[in-house]
Structure formats: structure tokens, C-alpha cells
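Reader: I am new to this structure and would like to be guided through it. Could we look at it together first?

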Amino acid sequence: MSAIGSRSRRDRIVQLATTTGLTSVDELSQLFGVTASTIRRDLAKLTTDGRLARTYGGAMALSAHPEASLRQRTGEAFEAKRAIARWAADQIQPGETLLLDAGSTVGALAHELRTAKNVTVATTGLTALQELADVQNVHVECLGGTLRPLSQGFVGPLTEAALERLTFDRVFLGTDGVSPEHGICEADLRQTRLKELMARRADHVYVLAHAAKVGRRPFHAWATLPAGWTLVTDDAADPRVLDELHSRGVTTVLAKSEDMP
């Protein structure tokens, strides 16, 4: 390939590493139709130039996806989050016991539950607690633990111990990214471990994630969910990723913003 082509390919590699997280030699070789040794030379050049950091079998962007705070994320994809939350709230039956994760989309679900009657909500998120703190007809349990300021969620051994005392009809999880191969992604291993434990305690598992998170791999900590979980997203999600998720036994739901009143 020409020098100009090489530069373009390397620019594209940096872009991929920044938008999807980890970039592997094998994936890049197939994507660009070049040999693995060519890709390794590209990665070596990019590492020398300070544009990427080498990993075993690939590379990652030096400053890929710093974790945004909950406050920063709250205004993102607002209408999509409302649609997702409304659909999720419609699945809940009177008398059920629910488990709500931290996160802005799950927080939007908590807002929808302000008009619910005869439900119990346990949560690891401050947003859900704030939404439901003054609601008389919803019984609220806080699982407690160590507070992560960025996510406004509780994690750690105290949270995990509290989970062992409870079971739930439904759990609603947030995420920073969804991958057919790996599951759901978070910035912190304590969060991914907690999400796996939460999923094990519920009869029905839902992941609430707007379209920009579907197919995204911003971090390297993953939670593998049990078979039969449901992804609730919006109709802007990549259909190729949705098809792959479906082929792996995941139910996918598209909540449409235009259906909102």
C-alpha cells in the first residue's frame, strides 16, 4: 500500500481504538485486507508516535473514553431514555419487587415509577433513591455500600452482602456499552461484578441502553449476563449488532421516541 494509504489506515486505526476501545491485530487485518505483520508495523509506528498504547494482541487509545459523570450523561439522548424508561415501566406488575441499577436511564425509569402502586424497589443508585424518596406508594430499599461519585452508585462487599438477602421479579441494569461477544461494559470491575450478581437474583433481566451504547466498547471490564436477558434500546441502534445479539439468545426491544406523548 502507498505511503498515503498507510497514513490513512493508521488514522482509521486510531479512530477505531478511540471509539470502540480495544483494537486487535486480527480484527484490523480482516477489516483492512492486509497481513497481520502489516498491522503490527502500523501499531508499532502509532505507539512510537504516541498515538496508541500497545496491548497483548492489539492496541488501545491512550485517552479512550474517560468515564463521564452521571451529571454529564443525564442530558444525553434524553428522549430515547424517556422512551426506554416508559417501555420498562409498562412491564412492571402490581406487587412486584424490583431491583434498579445506578445510571441515568435507570434513573429515568425510577421517575416513571413515581406513579406506581404496590411495588417494592431496591436500588444501588442515588438517582433512583432521589426520585422515589417522597413517594408514598413505593416501598424503597437502599442496598448501600461504597459510593462511586462518578456513577452515583453503590458498589463493594456491603452492597453484595445485601443482595444475598433478597430476590427480585425484575432487575433493570444500566451500562456504558453492549457487545454481543462480551455482554455489558463498565469502567470499574466492581460494577461489572455487581451487575452479574444482580442479574442472578432476578427472574427477568433487562439492560436499558440507548442506541449510542449498542456495539460500543469504551472500557475493558465486562459483565456476562445469563441467557434470555432483554436489551431495551431505541430504533437508532445498529441493526447488525441487534441481529448478532438476537442470534445469541438476547431479546431486543426498540422503544420509539415518537410514540411518547
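Author: Let us begin with the naming of elements: helices (H or I, at least four residues) and strands (E, at least two) are DSSP runs, numbered from the N terminus. Residues are numbered from 1 along each chain as its sequence is written, and side-chain values use heavy atoms, with hydrogens and water left out. The model is predicted, and local features need pLDDT of at least 70, side-chain atom pairs count only at pLDDT 80 or more, and totals for chains, interfaces and linings use all residues.

Reader: Where does Asn 118 lie?

Author: Asn 118 is in the loop between α6 (104-112) and β5. Its phi is near 60°, a positive value in a residue other than glycine.

Reader: What about Gln 152, where is its place?

Author: Gln 152 sits in the loop between β7 (146-148) and β8 (153-155). Its phi is also a positive value, near 55°. Gln 152 counts as partly exposed because its relative accessibility is 25%.

Reader: Let us turn to the sheet. What is the order of its strands?

Author: The order is β6-β5-β4-β9-β12-β14-β15, in an open sheet of 7 strands with parallel pairing. Two strands pair if DSSP finds at least two bridges between them.

Reader: Which are the edge strands?

Author: They are β6 (138-142) and β15 (251-255), each of which pairs on one side only. On average, neighbouring strands of this sheet are turned by 20° against each other, direction ignored. Axes here are lines fitted to C-alpha atoms, for helices over the stretch in contact, and angles run from 0 to 180 degrees between N-to-C directions.

Reader: How many bridges join β4 to β5?

Author: There are 4 bridges between β4 (residues 97-100) and β5 (residues 119-123), and the two strands run parallel. Within β5, Thr 123 is the bridge partner of Leu 100.

Reader: Which helix packs on the sheet?

Author: Helix α5 (residues 78-90) does, touching β9, β12, β14 (230-234) and β15. The direction of α5 makes about 140° with that of β14. Contact means heavy atoms within 4.5 Å.

Reader: What does Ile 84 touch?

Author: Ile 84 lies in helix α5. Leaving aside neighbours within four places in sequence, its contacts include Leu 208, His 210, Val 232 and Ala 255. Ile 84 and His 210 are 126 residues apart in sequence, yet 7.7 Å apart in space, C-alpha to C-alpha. Ile 84 has a relative accessible area of 0%, so it is buried.

Reader: A change of topic: how many aromatic pairs does the structure hold?

Author: It holds 2 aromatic pairs. Rings of Phe, Tyr and Trp (its six-membered ring) pair if their centres lie within 6.5 Å; planes under 30 degrees apart count as stacked, over 60 as edge-to-face and the rest as tilted. Trp 87 and Tyr 206 form an edge-to-face pair, 6.1 Å centre to centre with 65° between the planes. Trp 87 is in helix α5 and Tyr 206 in strand β12, 119 residues apart. Phe 172 and Tyr 206 form a stacked pair, 4.8 Å centre to centre with 15° between the planes. Phe 172 belongs to strand β9 and Tyr 206 to strand β12, so this pair ties together parts that are 34 residues apart in sequence.

Reader: Which residues do the ring pairs link into a cluster?

Author: Trp 87, Phe 172 and Tyr 206. Phe 172 and Tyr 206 are buried, whereas Trp 87 counts as partly exposed.

Reader: Finally, how many residues are in the largest nonpolar core?

Author: It has 29 residues, and those with the most contacts inside it are Trp 229 and Leu 231. A nonpolar core is a set of buried Ala, Val, Leu, Ile, Met, Phe, Trp, Tyr and Cys residues joined through side-chain atoms within 4.5 Å. The largest share, 4 residues, comes from α9.

Note on methods
Buried < 20%, exposed > 50% of the residue type's maximum accessible area, 1.4 Å probe, protein only.
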